[in-house]
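This briefing covers selected local features of one protein chain. Please read it alongside the sequence and the coordinates.

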Amino acid sequence: MSFKELFKPELMALNMQAADQIDFFSQVSDRLLEQNVVKETFKAAISERENNYPTGLQLENFAVAIPHTDVVHVKEAFVAVNRLSNPIDFYQMGTDDVVVPVKDILVLGIKDPKKQVGLLAELMGAFADPSFVEKYEKATTIEEITALINQYHPPPPPPPPPPPP
């Protein structure tokens, strides 16, 4: 299942105001609970997982966070796009001391753990694609972001190296 299939415009929030991660996770968890895609346990679980396994990514010209939690806290699979008015700090994935100021946060609701790695790779690939990032940053409405995601096609993989002579 690709992130296009999991993307839900009704879960998107643009121009969010959040003082910090705690405030962000509280707001987004309440919204996801209202939409009936997560369980009551989601809020505490996503905060705890982010503390233990940071999800900030500083890419070449763009920073994004991709927080998620265990499948037991999710009712329905989703990708919820959130754009903050002002950045908040996340730690770089794989570290506990590299701070990444982030305005764009993609909250994942994963139901099948076997597909998590592929989903994360697909999202990271999109946000590592300069053409996609340029269009994403220019998009200012839910409709524009929805259209961009629906039209996105990952770049083809590089050709394999020629065999040795």
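The model is predicted.

**Helix α5**
- Helix α5 spans residues 130–138, and its buried residues are Phe132, Val133 and Tyr136.
- These buried residues line one face of the helix, because they fall within an arc of 95° when seen down the axis of α5.
- An α-helix has 3.6 residues a turn, so residues three or four places apart point the same way.
- Pro130 and Lys138 are exposed on the other side of α5.
- The cover over the buried residues of α5 includes strands β4 (78–91) and β5 (99–109), along with helices α4 (116–128) and α6 (142–151).
- At the start of α5, the backbone nitrogen of serine 131 has a side-chain oxygen of aspartate 129 within 3.0 Å.

**Helices α2 and α3**
- Helix α2 (residues 21–34) packs with helix α3 (residues 42–52) at an angle of about 145°, and their axes are 9 Å apart.
- The crossing of α2 past α3 is right-handed.
- From α2, Gln21, Phe25, Ser26, Ser29, Asp30 and Leu32 meet Phe42, Lys43, Ile46, Ser47 and Glu50 of α3.
- The residues of this contact comprise 4 nonpolar, 4 polar and 3 charged.

**Aspartate 104**
- Aspartate 104 lies in strand β5.
- Its relative accessibility is 7%, so aspartate 104 counts as buried, the cut-off being under 20%.
- The side chains of aspartate 104 and arginine 83 make a polar contact (2.9 Å).
- Leaving aside residues up to four places away in sequence, aspartate 104 touches Phe62, Ala63, Val64, Ala65, Asn82, Arg83 and Tyr136.
- Tyr136 is also one of the buried residues of α5.

Terms used
Residues numbered from 1 in each chain as written. Predicted model: local features only at pLDDT ≥ 70, side-chain atom pairs only at ≥ 80, totals over all residues. Heavy atoms only, no water. Buried < 20%, exposed > 50% of the residue type's maximum accessible area, 1.4 Å probe, protein only. Helix = DSSP H or I, 4+ residues; strand = E, 2+ residues; numbered from the N terminus. Arc of directions from axis to C-beta. Contact = heavy atoms within 4.5 Å. Polar contact = N/O pair within 3.5 Å; in protein donor to acceptor, adjacent residues only side chain to side chain. Axes fitted to C-alpha atoms, helices over the stretch in contact; angles between N-to-C directions. Left-handed = near helix turned anticlockwise from the far one by under 90°. Nonpolar A, V, L, I, M, F, W, Y, C, P; charged D, E, K, R; others polar.
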